[in-house]
Amino acid sequence: MKPSFQIKDVKRFRRLRMSGALRSMVRETELSKNDFIYPMFAVTGKGIKNEIKSMPGVYQQSVENLVCDCEEVMKLGIPAVILFGIPDHKDERGSGAYAEDGIIQQAIRAIKKELPELVVITDVCLCEYTSHGHCGIVQGNEILNDESVELLAKEALTHAQAGADMVAPSDMFDGRVARIRQVLDEHSFIHIPIMSYAAKYASGFYGPFRDAAESTPKFGDRKSHQMDPANSNEAIREIEQDIREGADIIMVKPALSYLDIIRRVKDEFTMPIAAYNVSGEYSMIKAAGRNGWIDEERVMMEVLISIKRAGADMILTYFAKDAVKLL
Ligand SMILES: [Zn+2]
């Protein structure tokens with residue numbers, strides 16, 4: 001068979017790849033420090049800075065150390081952090097989550113006092129605070145929806161009262177965005193945005209996070225509220241609903257195995273989209289990097305640019321500080 005083209009007719013794509021300057025001129029996606037939200041873990045106590053074994057470079061920190069770390073985040077020009085709390089006491093109803101002097105409430109006050117400009121987002125869920133490690137109230141083998149939502153709304157309110165700039169419900173119970181919005185508005189927090197973990201999948205990539213947040217369920221799993229990794233249309237339905245309920249930013253979590261979802265959401269909605277580059281995605285790169293199997297920095301930047309290229313407007317990532325130092 002004869003070739004259907006002649007070499008003189010071939011389009012020379014390589015022309016625009018011949019130098020760094022040329023490549024930079026035609027680059028379609030660029031990372032910026034403004035893209036990042038840095039996740040942090042607060043623990044009660046003093047002088048604590050424990051590295052999480054499965055997440056090198058990530059720490060559980062007591063409040064004063066957390067504030068120092070936030071200062072570094074700000075100096076690097078990263079606009080926002082998201083806080084997770086590890087309480088000293090857990091119970092069936094996760095009361096540490098909505099206690100006025102809970103660990104997160106203390107952390108918010110301390111950070112906002114020193115660094116009022118830093119955007120402090122708070123994770124709103126109960127799993128770090130319940131003795132059984134589930135995201136809501138458990139009755140028998142069932143995780144109750146509406147009763148749990150009430151507590152989440154209460155938690156979000158205490159975060160706003162402590163000075164949080166944004167709340168981020170991560171539970172995936174039905175109706176929680178609407179209820180949180182209502183409770184915030186009733187208490188004059190009409191200006192506090194909600195970043196909704198709108199399409200959160202039941203994922204194996206959360207493993208190291210559960211070490212970090214000490215939130216592994218004591219029995220069962222999260223498949224009755226988080227989404228099946230096989231589904232894409234369902235993500236659209238979840239997101240539509242959260243937007244209707246009042247979400248200001250919608251999130252897809254995890255990021256790397258769900259780039260198609262991020263792209264689809266970007267094409268179907270005009271909302272700001274966040275993507276969570278989760279603990280397992282971080283740990284895999286760290287581990288392979290430490291073993292010399294991959295070039296850690298290069299792979300990190302490639303992963304982050306892929307998440308942005310897929311359509312994320314902001315990326316929650318443990319790599320935030322490392323990435324900004326390279327930009
Ligand atoms: Zn949870």
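The model is a predicted one, in which local features need pLDDT of at least 70 and side-chain atom pairs count only at pLDDT 80 or more, while totals for chains, interfaces and linings use all residues. Residues are numbered from 1 along each chain as its sequence is written, and side-chain values use heavy atoms, with hydrogens and water left out.

Helix H9 covers residues 279-290. Helices (H or I, at least four residues) and strands (E, at least two) are DSSP runs numbered from the N terminus. Because 9 of its 12 residues are buried, H9 is largely enclosed by the rest of the structure. From its first C-alpha to its last, H9 reaches 16 Å, close to the 16 Å expected at 1.5 Å a residue; the expected span is 1.5 Å times one less than the number of residues. After H9 comes Gly 292, which has a positive phi, near 75°.

Strand E3 spans residues 55-62 and contains Gln 60. Gln 60 counts as buried because its relative accessibility is 9%. When neighbours within four places in sequence are left aside, Gln 60 is in contact (heavy atoms within 4.5 Å) with Phe 41, Val 43, Ile 48, Lys 49, Asn 50, Ile 52, Ile 86, Asp 211, Ala 212 and Glu 214. Helix H11, residues 320-326, holds Ala 323. Ala 323 has a relative accessible area of 0% and is therefore buried. With neighbours within four places again left aside, the contacts of Ala 323 are Phe 36, Met 300, Met 301 and Leu 304. Ala 323 and Val 58 are 265 residues apart along the chain, and 14 Å separates their C-alpha atoms.

Helix H10 also packs against helix H8. The axes of H8 and H10 come within 8 Å and cross at roughly 30°. Axes are lines fitted to C-alpha atoms, for helices over the stretch in contact, and angles run from 0 to 180 degrees between N-to-C directions. H8 is therefore roughly parallel to H10; angles under 35 degrees count as roughly parallel, over 145 as roughly antiparallel, 65 to 115 as roughly perpendicular and the rest as oblique. On the H8 side, Leu 259, Ile 262, Arg 263 and Lys 266 meet Ser 306, Ile 307, Arg 309 and Ala 310 of H10. By class, this contact has 4 nonpolar, 1 polar and 3 charged residues. Ala, Val, Leu, Ile, Met, Phe, Trp, Tyr, Cys and Pro count as nonpolar, Asp, Glu, Lys and Arg as charged, and the others, Gly among them, as polar.

Helix H8 (residues 259-268) also meets helix H7 (residues 233-245), their axes coming within 10 Å and crossing at roughly 50°. H7 is therefore oblique to H8. In this pair, Asn 233, Ala 235, Ile 236 and Ile 239 of H7 meet Ile 261, Arg 264, Val 265 and Glu 268 of H8. The contact of H7 with H8 has 5 nonpolar, 1 polar and 2 charged residues. Helix H7 also contains Arg 244, which counts as exposed (over 50%) because its relative accessibility is 62%.

Definitions and conventions. Buried means under 20% relative accessible area, exposed over 50%, partly exposed in between (1.4 Å probe, protein chains only).
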